[in-house]
Amino acid sequence: MSSQVRLAQRWIARAGLAGLLLVLCVLAGFSLLTQDRVANSAVRAIAASRLSTIYQDARYRVGLEQSLVRKFRLSPDVSVLTARGLAESKLVADLLRIGGLARTPAAKAVVARLTAADGAYDDVGFQIIQAVYAHRPRLVARLDKTRETPAFDLVQGIVSGEAAAAQQTAAAEETALGANSASAKRAMVIAFALGLGLIAFFTVVVARISGRLNRARAAEFDSMAHMATTDPLTGLRNHRAFLDDLARELARASRGPTPLSLVMLDLDDLKTVNDSLGHQAGDERLQAL
């Protein structure tokens, strides 16, 4: 029985450890999944916000180019051309950055269309500048009406539309990020509570099984102690227990006035019974006595 108790205790220890490890693994996995979802949402929100900022800057560069071309028509100055060239180079840089952020075929198509439209718009601006240098106001007016204004409207329309869309996407991603963060916090609280509940459950189960094993072990010890001090035939306390009892009673009698009596008796003719009727009959006589 003792080997079974020890085996059961080892099983409980292993089962409890396995249960706790399982709970920790589940919590760790859930935490990683939640963090990954929030991280992906944060990446999308940052990318959308960045794209919105670039489109806003591109819209400003397009308007600045038109303003500088018209300013050059009124005051042909090299500094104006320099400022326009800088604005165009920054617009091209914005388009390259937008192209680098484009991931879907639709986004790449928009970037290609915008790049082509900006190229046509820049070409018209260059022609107007040449016409201004050539002192051809009619050509400047015709180019402005027939080509520059439509090209500007096309570029500005694409940029403004994409800027508004990117801003809406950024706002939606930020809202989603906030919702995912709040959801992750709630989920972590729930997971933590479930983890504590599972740990408490395993603790109660282990405690109950340990209690049963301890009671079984105590019963086993009591049984072994009873067997060690009990005569198996009569059920009375055996010779060893008799000596312990006698020593205890002698010590008690020596401390007080209560007398101690020891009665010794013998069963006559027990051998005759054993020889004539058998040992079982003799044992029955002893049990009856």
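A residue is taken as buried under 20% relative accessible area, as exposed over 50%, and as partly exposed in between. In this predicted model, Asp122 has a relative accessible area of 23% and is therefore partly exposed, whereas Arg84, at 9%, counts as buried. The side chains of these two residues, Arg84 and Asp122, form a salt bridge with an N to O distance of 2.7 Å. Arg84 belongs to helix α2 and Asp122 to helix α3 (residues 105-133), so the pair ties together parts 38 residues apart in sequence. Glu65 joins Arg84 and Asp122 in a network of salt bridges. In total, nine salt bridges are counted.

Helix α2 (residues 78-101) comprises 24 residues and should span 34 Å at 1.5 Å a residue; its end C-alpha atoms lie 35 Å apart, which agrees.

Asp245 and Arg248 meet at 2.8 Å, N to O, and are three residues apart, hence separated by about one helical turn. Asp245 is buried at 16%, while Arg248 is partly exposed at 49%. Glu249 and Arg252 meet at 2.9 Å, N to O, and are likewise three residues apart in α5. Glu249, at 28%, is partly exposed, and Arg252 is partly exposed at 32%.

Helices α6 (residues 270-277) and α7 (residues 279-288) pack at an angle of about 140 degrees, their axes being 6 Å apart. Leu270, Val273, Asn274 and Leu277 of α6 contact His279, Ala281, Gly282, Arg285 and Leu286 of α7. Of the residues in this contact, five are nonpolar, three polar and one charged.

Terms used: Residues numbered from 1 in each chain as written. Predicted model: local features only at pLDDT ≥ 70, side-chain atom pairs only at ≥ 80, totals over all residues. Heavy atoms only, no water. Axes fitted to C-alpha atoms, helices over the stretch in contact; angles between N-to-C directions. Helix = DSSP H or I, 4+ residues; strand = E, 2+ residues; numbered from the N terminus. Contact = heavy atoms within 4.5 Å. Nonpolar A, V, L, I, M, F, W, Y, C, P; charged D, E, K, R; others polar. Expected span 1.5 Å × (residues − 1). Salt bridge = Lys/Arg side-chain N within 4 Å of Asp/Glu carboxyl O. Buried < 20%, exposed > 50% of the residue type's maximum accessible area, 1.4 Å probe, protein only.
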